[in-house]
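Dear colleague,

My notes on it follow directly after.

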Amino acid sequence: MQRLPGRLRSAVRAAMEAAAAPLHHLVPDNSNSQDQQQDRTVTAAIVVIGDEILKGHTQDTNSFHLCARLRSLGVRVERVSVLPDHVGAIAAEVRDLSARYRYVLTSGGVGPTHDDVTFEGVARAFGETLRPHPELLALLRRTRGAQEVDGDDDDDDGENGAQENKMALVPSSARLHYGRDPLTGVASLYPLVSVHNVYLFPGVPALLRRALAGLQHLFHNPAVTYLSRELLVDADEADIAPALRRAARAFAPAVAVGSYPDWSNNYYRVRVTLDAEREEPLEEARRFLARSLLPGAIVQPERQPVAVAARHVYRLALSDSRLGQKVAAALTVVEEALAKYGLPELCVGFNGGKDCTVLVHLFHAAVSRANPDTSHQLQALYVRLVSPFPEMEDFIQETCKRYNLQLYTVCGNIKEALTDLKAQQPGIKAILMGTRRTDPYSCTLSPMCATDPGWPDYMRVNPLLDWSYHDIWEFLRTLYIPYCVLYDRGYTSLGSMENTTKNPTLRYVTDLGVERYRPAYHLQEEAEERSSRT
């Protein structure tokens with residue numbers, strides 16, 4: 001992408017401005033405006049409780065969901081805490097937050113085990129004792145059985161007697177809230193417990209989401225509606241920093257501007273967010289940034305390219321373009337293979353490279369079009385090299401999730417890999433390969449050809465034989481298909497870390513004297529594709 005003129009001057013100015021204020025929270029202080037809106041603003045704090053979160057055993061998704069849903073209800077979340085399963089820590093945090101925020105929502109620690117101590121911590125925060133709630137006891141007897149409820153509970157501090165169940169011991173002022181499914185209207189079987197302005201949600205994500213959906217009326221603030229806009233920018237964050245700061249200052253406090261770099265996305269480098277309570281200043285800020293940034297810097301990539309693969313790939317195939325003709329021919333080969341062998345007998349070779357990424361997308365599109373109303377799992381073969389790039393391995397796993405691939409990983413050369421595959425999956429009869437004629441030993445291949453004598457017996461299906469390097473990149477980037485990030489860092493052909501370097505043809509030096517590499521799709525001479533492989 002074309003760089004801003006006067007790069008050195010812009011970089012120095014951006015650095016000076018960055019020292020004055022943090023970039024990622026461009027919300028200037030305006031005490032008067034905050035005072036005026038105080039009566040309309042409803043705030044909340046979230047407390048995630050669990051040793052498993054702090055130890056890295058479990059990834060927290062509850063705070064993300066709570067923040068998003070509360071904001072949609074007109075509630076501004078101002079704090080998220082993560083605490084261990086420690087009564088004193090829970091009590092101190094809840095006591096502090098409940099005095100500062102309208103709502104406090106906790107997640108986790110309300111189950112029947114020894115480390116579920118949220119009820120006890122909240123009781124201590126308000127100077128209350130735990131007592132068995134008769135309604136909860138009756139509910140537990142109905143749902144869990146009298147024997148489990150009334151049996152001994154081996155608890156070290158002896159707070160639970162034989163007739164009391166740990167899950168029914170709640171702070172003395174606790175209230176019970178029964179939600180309703182927003183779709184069916186059916187009342188929930190188990191209530192949410194609250195103590196004053198503290199709402200104690202379960203830690204299991206599915207249960208938490210269900211409880212919040214049924215009780216969102218408790219938190220709804222009709223006085224405020226939070227609006228958002230998102231701009232995806234294909235430029236370095238340092239280059240757009242001056243424009244972001246001008247926007248933040250010009251539209252404060254009505255609009256908050258946020259900037260978040262994304263180093264893994266292939267189609268944009270910065271996600272800019274605009275947040276406001278009114279449509280007019282929000283749209284004005286969006287137009288201001290559109291004028292301030294370089295033409296073409298704001299992009300609108302397809303966010304779900306896999307979901308729309310069948311429609312977009314076949315629409316491209318029906319076009320009169322040169323690439324459309326290549327796509328149509330490739331789809332014909334894939335469809336012939338599907339007709340001859342059927343999905344259980346087909347496997348696609350996938351090592352994370354650009355060519356086989358195109359092939360996986362074509363294969364997925366053809367299968368989805370043939371079976372639009374059924375889910376499917378594609379079989380894929382990964383021949384793992386010695387010393388693979390970590391970025392490549394990550395991309396392979398992400399692609400498996402994205403396309404629902406059943407991946408068979410084998411090591412060794414291709415002949416050994418096919419031998420192992422034949423032993424492990426004898427039902428597979430044909431393998432789709434991302435081979436092009438410009439690849440070594442491939443100029444005489446046909447779209448469908450059997451393996452050579454002495455090799456495991458497979459039909460090789462080669463839909464991309466007549467595609468060029470530039471065809472591959474035009475297809476990927478026209479349909480916004482995710483590909484390995486190494487291609488954006490100057491690699492044009494990927495092998496192992498031992499035999500692959502960045503392509504020197506793509507090397508350039510910035511105005512600041514920094515060595516960088518252009519993305520692989522900027523390569524002009526196709527003959528230079530493998531010049532970085534040894």
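What share of the residues of the chain count as buried? Of the 534 residues, 48% do, where buried means under 20% relative accessible area, exposed over 50% and partly exposed in between, with a 1.4 Å probe and protein chains only. Please note that this is a predicted model, in which local features need pLDDT of at least 70 and side-chain atom pairs count only at pLDDT 80 or more, while totals for chains, interfaces and linings use all residues. Residues are numbered from 1 along each chain as its sequence is written, and side-chain values use heavy atoms, with hydrogens and water left out.

The chain has 17 helices and 20 strands; these are DSSP runs numbered from the N terminus, with helices (H or I) of at least four residues and strands (E) of at least two. Among contacts (heavy atoms within 4.5 Å) between residues at least 6 apart in sequence, 72% join residues at least 24 apart.

I begin with an open sheet. Four strands are arranged in the order S10-S11-S9-S12, with antiparallel pairing; two strands pair if DSSP finds at least two bridges between them. Strands S10 (255-261) and S12 (298-299) are the edges, each pairing on one side only. S10 is joined to S11 (residues 270-276) by 7 bridges in the antiparallel sense, and Tyr-260 stands opposite Arg-271 in S11. Helix H10 (residues 237-251) packs on this sheet, touching S9 (227-233), S10 and S11, and its direction makes about 165 degrees with that of S10. Such angles run from 0 to 180 degrees between N-to-C directions, the axes being lines fitted to C-alpha atoms, for helices over the stretch in contact. Helix H11 (residues 279-292) lies across S9, S10, S11 and S12, at about 10 degrees to S9.

Strand S13 (residues 346-349) is covered on both faces: Leu-346 and Val-348 on one side, and Cys-347 and Gly-349 on the other, are all buried. S13 runs parallel to strand S16 (residues 430-432), with 3 bridges between them, and Leu-346 stands opposite Ala-430. S13 is also parallel to strand S14 (residues 378-384), through 2 bridges, and here Val-348 stands opposite Ala-380. From S13 the chain crosses through helix H14 (residues 354-370) to S14 in a right-handed β-α-β crossover; right-handed means that, with the strands pointing away from the viewer, the path from the first strand over the helix to the second runs clockwise.

Helices H13 (residues 322-341) and H17 (residues 469-478) pack at an angle of about 90 degrees, with their axes 11 Å apart. They are therefore roughly perpendicular to each other, a term used for 65 to 115 degrees. Arg-322, Leu-323, Lys-326 and Val-327 of H13 meet Asp-471, Glu-474 and Phe-475 of H17.

Why does Trp-467 count as buried? The reason is its relative accessible area of 4%. Trp-467 is placed in the loop between strand S18 (459-461) and H17. Not counting residues up to four places away in sequence, the residues that Trp-467 touches include Leu-323, Lys-326, Val-327 and Phe-475. Trp-467 and Leu-323 are 144 residues apart in sequence, but 8.8 Å apart in space, C-alpha to C-alpha.

Lastly, Ser-63 lies in helix H4 (residues 62-72) and counts as buried because its relative accessibility is 12%. Leaving aside residues up to four places away in sequence, Ser-63 touches Ile-46, Val-48 and Val-80.

With kind regards

Conventions:
Angles under 35 degrees count as roughly parallel, over 145 as roughly antiparallel, 65 to 115 as roughly perpendicular and the rest as oblique.
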